Each structure stands twice: as structure tokens, then as C-alpha cells.
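Q: Hi! I'd like to go through this structure with you, a few residues at a time. Could you help me find my way around?

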Amino acid sequence: MKAVSSDFAPPLKLIAPFFKYGVIFYLFSMIALLFFSPEFSYAQMDIAGWVHLFLLGFVMMVIFGAMAQLIPVVLEVGHAVVDVYYIILPLLGVGVSAMVYGFWMMPSLLPYGGLLVLVGMIVFAAESLATLKKSTLRTLTVKTVAWSNGYLLLGILTGFAIALGLAGELSVDVEMMLKAHVYAVLGGYVILTIIGFSLILIPMFSLAHGFEEDYINRAFKWVISGVAIVFFGALFGIGAMMWLGYLTTLIGVILYMIQIYIIAKLTVRKEWDIWAKSMVFAFGTLAAAIVLGCVGFLTGKESFIHAAVWFLIVGFISSMITGHLYKIVPFLVWFERFAPLVGKEKVPMLHEMYPKEAASMMFWFTATGVVLGGFGLMGESDILFKAGASFLLAGAGFLYSSMNKMLSYGK
Amino acid sequence: MCDITKEAVFDAISTVIDPEVGFNLVEMGLIYDAIIDDDCNVHVVMTLSTQGCPLHQMITQWVKEAVERIEGVGEVEVEVVWEPAWNISMADENVKKTLGGL
């Protein structure tokens, strides 16, 4: 019999702070957006500060919390040392805060913040790999855990080299190293993790069955190859190699989208809830990011590339995360507070445990903000971009309120 | 001879509700069989709607406890199988309608 994870499930008090602080970082990053202009360069320190606030503070924080719960589910073994998550949280939280302050105000803080994040991520990756070693399973999701953590380590090392370079402690080509770093973390860790866990979570929540996994298996191979090609191309300064890597990754992402389309066609559950809306919006923005990215690269219009990155991270990655938070957080709260009462008294259903109106407001404000902000970046319109940022901030407020209500349900 | 019927076992299991979808396991079509021997030992054969279900162990425990509440029952075993794989056609009509699968 397949023995899955309730014995291995980490306690709510360990996981909940990752989601709570992740959402707070999201709120701060939406406030910060109000102070940016749609015309910028990637070399700007304030842009680097915002990107780290959003990607490390929100995206990585929430992913780490989710992994604490999901890794035992997919590997079917308990964590090697689950208590390290108590250390990872402050290392990541304080490290990101110091890095963002360093980017915005005090560059000399960068190596210190970077070091804290580096240690936190090394601990995370090492624990994940140690847990992986205990498992005998070799499913696609298990393979993505292995590869994504390997890329995470490469991303951390290149990021730390950049921090030392910026502080004048190490002589490195910061621009090329930056490309390797961004690609290893964003493509190698975040996108691979999303691909692997989509295969578990999307069919689970949509009750889709009986689909072949050919496309996602091929997507996985194309993406891991693409990331490796770009990473080494950037590290050794070979432009043609990087282009080949971009193309390889793009093919992988398109194959992934075909797999999701196949799953969506077999979806049994047709409820138009916050999760379903978020998934549709997420894949819509991913498609927009691909189209804009291709147009931007072919025409050389940098504003289109900016919009593509915007739709990828604030649209796709963000919606994938927030949509799943409305499923994962009620489940964790239910598991902790209500599962022991099953059979003894009436317990709530999971869909009753999140505030539906606040969730709906979060979705519509955020979706409007992403679209307006994207158009603002494309047309380099300050008004449109600021309007988008304002909607996003309102959406972030509703997300923060929803998170507090979900976490305090039944307390 | 045992007087516990398969219907009684299914009735007992129908008190177990999947908290994600809000239906009981019997109307979801997740309970494949209940084998009752002469000593009233019960062997339940069931599946789950997804192999990665994080509630796997809990649900099987709830099924065991629900059957154990039947008066006169002996040992209760719950076996989870993945063949045949569950699909929506195994669920009751009201489940299909509510989920939108019709």
C-alpha cells in the first residue's frame, strides 16, 4: 500500500509563518511598485532591490513553506530534518530585508544579506536533497525536486559571487554572472518546481484523470537542458549558446502548456472558484509573456521584454502561488484543527474556510493590476503603470486579509 | 454466521466525508468492495481520487473507525488499490451534477 504523508506532515506552526511573511513581503513589494517608473534598466540597483523583495521575499518564501508540506507528499517519506525550517525562515526573512535595504540604501549591506540568504537556501536545498535520498520513488515530480534544488544551489553561488563583486571583494563579470544567476533561480528552480508540482496539484484539485504524461516529461527534459545551456553560455560569455538555451527553454514551456491544456480538457470539477480563476489567469499571462517575449526579441523592443518578464513573474508565477494558497492554507488549518474531530463532531469543508468575497476582490484587483501594469510597461506609460500598481496594491491588501482569516479559522 | 451486510458497511462508510469536495466516500464511488467473513471481520477495498492525496492515511483511518462502530464487527482492514483507477463515472449522479461533470 502506498503510504502517504500524514505521519510526515510538519506542524502548522512551522509552515504558516512562511505563508504569512511571504504575503507581507508581497504587500511591501506592491507598495514599492508605486515608486517605480515603467522606463528602467535592469542594471538599476532599485530594480534589483524590488526583484529580490518580490522573488525572494514572496515567491521563494511561499515556495519554501509549500515544500515543507509537499515534499513528504510527493517523496512519500518524512523530512530528513524538518526542524531546519525553523532556521530557514529567519535567515531568509532577515537576509532578504538586508539585501533589499542594501540595494536601495546601503550597498555595503548586500554581502551580509546575501550571506544570510545563501545559508538559508543551502540549508533548504541540502535538507531537500537529504529527504530525496531517503525516497525510492523516481517520478517526474521527484526528479524535478532533485534538478530544481541543484539549480538553486548554482543560482545561490552565482548570486553570492555577484554580491561580492558589487561590494568590490571579488573580480567577476557582474553582467554575465547576473544572467546565469537569474536563469538558474527563475528558470532552474522556480519554473521547474512549478512544472513538477503542477502535475500533482492541478489534477488533484481539478479531479482530472486518465491523461498521458508525455508532454510534461518532454517539457521537463527541454527545460532542464535549456537552463543548463543558458547558465553555461552566460558563465562563459557565449551569446549564441544563450540564444540556443532560450529557444530550448521556450520549447519546454510550450510543451508544458500543452500538457496543462490536456489536463484541463479532462477536468471533472467545473467550479469557478478562486483556484480555477487563478489558474486560467496564470496560464493566460504565461501565454502573453511568451508572445511578448518573442516579439520583443525579434523586434528588439526592450519595453516588450519588460512586459514579458512582468507577465511571467507578477502574472504567471504570482497567480500560481496565490491561487494555490487558497487551497493549501485551509487544508493545513483543517488538518491541524479539525481532522482530530472527524467522526466526533461536525467539521467544516475546506471551501468554507477561506473568505470568498475577499478572495474574489483579491483576484479581480490583482488581474486588473497585472494587465494595466503590463500595458504600462509595453507603452512606457507612467499613468497606466501606476494605475496597475494601485490595483495590485489593493489586491495585495485583500490577499493579506484573506491569509489572516484563513490562518485564524477555528482558533 | 455473521449478520453484518455489505450495505451496513457501506452505510457506515458513508459518514466519512472528503473535506476537499464535500461528498462522502460512497457517493464519490471510492469504495470498491467490502468483504465480510463468517467471524464478522471486514475487509474494505477502496481507492482515492488522486494518488498524491495528503489525506491518504487519515481517510483510510476514518473508514476503519467508521466500520468499527458497527455493532458486532470483528477485525477491520482497509486496502487502498489504484486499479481500476477512479474516474468520475464511478460517482453518483448528484456528485457528477454538482461537480459539473455531466
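Q: Where is Cys40(B) in chain B?
A: Cys40(B) sits in the loop between strand E1 (31-36) and strand E2 (42-46) of chain B. Keep in mind that this is a predicted model.

Q: What's its backbone doing there, say the phi of Cys40(B)?
A: Cys40(B) has a positive phi of about 65°, although it is not a glycine.

Q: And how does Cys40(B) count: buried, exposed or partly exposed?
A: Cys40(B) counts as partly exposed, because it has 17 C-beta neighbours inside 10 Å and the cut-off for buried is 20 or more.

Q: OK, staying with chain B. What is the peptide bond from Glu83(B) to Pro84(B) like, cis or trans?
A: That one is cis, and its omega is near -5°.

Q: Which part of chain B holds Pro84(B)?
A: Pro84(B) belongs to the loop between E3 and helix H3 (93-99) of chain B.

Q: Let's switch to how the chains meet. How many residues does each chain bring to the contact?
A: Chain A brings 26 residues to the contact and chain B brings 25 residues.

Q: Which elements of chain B give two or more residues to that side?
A: Those are helix H2 (56-68) and strand E3 (76-80) of chain B. The largest share of the chain B side, six residues, comes from H2(B).

Q: How do the residues on the chain B side divide between nonpolar, polar and charged?
A: On the side of chain B that touches chain A, 12 are nonpolar, 10 are polar and three are charged.

Q: Now chain A. What about the phi of Glu76(A)?
A: Glu76(A) is not a glycine, yet its phi is positive, about 60°. You'll find Glu76(A) in the loop between helix H2 (45-75) and helix H3 (84-104) of chain A.

Q: Is Glu76(A) buried or exposed, and why?
A: Glu76(A) counts as buried, because 20 C-beta neighbours lie inside 10 Å.

Q: Last one: which helix has Met30(A)?
A: Met30(A) is in helix H1 (residues 12-33) of chain A. Met30(A) is buried, with 26 other C-beta atoms within 10 Å.

Q: Leaving aside neighbours within four places in sequence, what is Met30(A) in contact with?
A: With those neighbours set aside, Met30(A) is in contact with Ala389(A), Leu392(A), Leu393(A) and Ala396(A).

Q: And how far is Met30(A) from Leu109(A)?
A: C-alpha to C-alpha, Met30(A) and Leu109(A) are 23 Å apart in space, and they are 79 residues apart in sequence.

Note on methods: Residues are numbered from 1 along each chain as its sequence is written. Chains are lettered from A and ligands numbered from 1 in the order in which they are written. This is a predicted model: local features need pLDDT of at least 70, side-chain atom pairs count only at pLDDT 80 or more; totals for chains, interfaces and linings use all residues. Helices (H or I, at least four residues) and strands (E, at least two) are DSSP runs, numbered from the N terminus. A residue is buried if 20 or more other C-beta atoms lie within 10 Å of its own, exposed if 12 or fewer, and partly exposed in between; C-beta atoms are placed from the backbone. Two residues are in contact if their C-beta atoms, placed from the backbone, lie within 7 Å. Ala, Val, Leu, Ile, Met, Phe, Trp, Tyr, Cys and Pro count as nonpolar, Asp, Glu, Lys and Arg as charged, and the others, Gly among them, as polar.
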